[in-house]
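Visitor: I have a structure to go through with you. Can we take the contact between chains before anything else?

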Amino acid sequence: MKPARIARAVVIAMGASYLLLPLLGVLEFALRMRRGAYSFDAFAAIFEDHRFQDTFLYSTVMALVTVVLGMLIIVPAAYAVRLHAPRLRAAVEFVTLLPLVVPAIVIVFGYVRLYGSDSFLPLTDSDFGADALLAFGYITLALPYIYRSVDAGLGAMDVRTLSEAAESLGARPHTILLRIVLPNIRTAILSGAFLTSAIVLGEFTFASLLDRPAFGPFMQLLGASRAYEPAALSLVAFALTWGLMVLIGAFGGRRRGT
Amino acid sequence: MSFLTVRGLRKAFGTTIAVQDFSLEAERGEFVSLLGPSGCGKTTVLRMIAGFETPSAGSVTIDGEDVTHLPTRTRRIGMVFQSYALFPNLTVEGNIAFGLKVAGMKREEIAVRVKEMLSLIGLPQLGGRYPVELSGGQQQRVALARAIAIRPRILLLDEPLSALDAKIRVSLREELRAIQRELGITAIFVTHDQEEALALSHRVVVMSEGWVEQIGTPADVYRTPRTPFVATFVGTANVLPCRIEDAAAGVLSFGGARLEAGHPVSGGAGETVQMALRPEAIAINPFEGASNSLAATVRDVTFLGPVVRLRLMLAGDVAAVVDLHGEGARDLPEAGSAVMLWFRPETLQLLDRHGHGAARA
């Protein structure tokens, strides 16, 4: 075998070990719930726990709401910036990156101060209000991921010329957005949507401080009170995230003609 | 009033003036080319006619309707882009049908029109393909079909052949010409390729640095260029600085040689004017001592297939080019030899001394 191939194999093995060894360790630990034997008891305990089902369902719905609202806000904005204000792109990109710089706890405290019980809009007083607040918070958190993937998708197509071509054929802006732009950035939208879903499913700070029954706080609660179940739960969450990534590839690769 | 009337169009981007006082009248069914180098403002004019750019001044009228401030979608124009701009997510049929669906046409009528368009562009079997599965020439045919499917009042073509290779460009050029003539649609064609403009157009608008230099038929623009820019941009021309000897008789002098223009020349005696002479209008050594003869030294002889090109030096270190064809290209002088050049009086063209904006007059 050539030295270059050996070096490549060593590097790949090291990288794989770095990723897989901790997972194998966690899996081995999760399987040791029953004394003296390997079993799936920890996994069974999680799936039977109604709190897992409730919080997972809640976070899935929140992820869906976040993705839909986020896309409704961000796709037209990114399109408008690309088409009508390309000079503002750098500024808009900077703003969308702020959630990565400003800690989530700062944002959520700001929300609580602004929309608390003694504010002009006391959203935290009702479940629906708190859920809405959480969704808006998640949109803020997802902003860098959605904006960047959508903007990259728009950058990959000649959005200006295609829009002009559609306009010359009589199309209105919403027709262009729905029938030309969206289908051509489908992969970018899916990738933003699944990244957002992965973030929302594991998010703790917003949900905990707004006291919402989400999956993130459930994972933390379980981790603080049990030994084997948190290990099993972390593997389940990991599998869900990877499942979403596989979906991105599957849906993204299915398009024709683009 | 003409079918398309463009009056006094001006476009400024900040402090940069892209188009200055552009006016044009085109009749129904006419094919007009905007010809000029990159940055001359030709695409900006087309985009203002299309409605993609708002003019800083001036107006655009189509079939009696002032469309200057109307959005593009209501102007009923068809546009073909250099980059084809086919919708990647739609099939060929989907692309052609797009404008018809937007217009709310019935499904059966759309199917008939799409079929008709596919047949017109010679691609009846490719309706189900996606743009990425087509060659450049096929994509541009589809783009043309999509633009004319909506039966536009005017067809605007923005360098549609520039992205294609030479052979396809020539064949598509012929098809484009045939389709335009068959449908009788008014077309405005932007190009930097003089051959394309001359081959396709009823009239050519030559532009430079935002100004119209000359508007005329291809033959007019080639044979009687009005400015040094038109003379040198449309084909090759020798521009000779001549001194007027007798303006009324059209007699000039160049490097001591007497030149006859064959027509009166505007200007006073002793004034210097620029005269254009096409390389193919010059012959070598025909008559010793005749008028319109110029002494020259051969610098270089290049064989170009049907043409042999001679680069020469005239009196006063003025460079000149002569193209020899057929019999004239048999006994060629060698580089460094002295020759006598001769041309017919009517081939000598007086150029406008003002250059830019000459066509405004």
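**Interface and cavities**

Guide: Chain A and chain B bury about 2,100 Å² between them, and 63% of it is on carbon and sulfur atoms. Note that this is a predicted model.

Visitor: How many residues does the contact take from chain A and from chain B?

Guide: It takes 21 residues from chain A and 24 residues from chain B.

Visitor: Which side chains meet in a salt bridge?

Guide: Those of A:Glu164 and B:Arg47, at 2.5 Å, N to O.

Visitor: Which elements give two or more residues to the side of chain A that touches chain B?

Guide: They are α7 (159-168) and α8 (173-184) of chain A. α7(A) gives the most, with seven residues. By class, that side of chain A has eight nonpolar, seven polar and six charged residues.

Visitor: Now the cavities. How many of 30 Å³ or more?

Guide: Two, by this rule.

Visitor: What lines the largest cavity?

Guide: Chain B residues, among them B:Val80, B:Gln140, B:Arg141 and B:Leu144. α4(B) gives the most to that lining, with three residues. The lining has seven nonpolar, one polar and one charged residues.

Visitor: And which residues line the second largest cavity?

Guide: The lining includes B:Asn238, B:Leu240, B:Ile282 and B:Ala320. It divides into seven nonpolar, one polar and no charged residues.

Key: Residues numbered from 1 in each chain as written. Chains lettered and ligands numbered in written order. Predicted model: local features only at pLDDT ≥ 70, side-chain atom pairs only at ≥ 80, totals over all residues. Heavy atoms only, no water. Contact = heavy atoms within 4.5 Å. Buried area = accessible area lost by both parts, 1.4 Å probe. Salt bridge = Lys/Arg side-chain N within 4 Å of Asp/Glu carboxyl O. Helix = DSSP H or I, 4+ residues; strand = E, 2+ residues; numbered from the N terminus. Nonpolar A, V, L, I, M, F, W, Y, C, P; charged D, E, K, R; others polar. 1 Å grid on protein atoms, 1.4 Å probe; cavity = no way out; pocket = protein on both sides within 12 Å on 5 of 7 lines; lining within 4 Å. Points joined across faces, edges and corners; volume = space filled by probe spheres on them.
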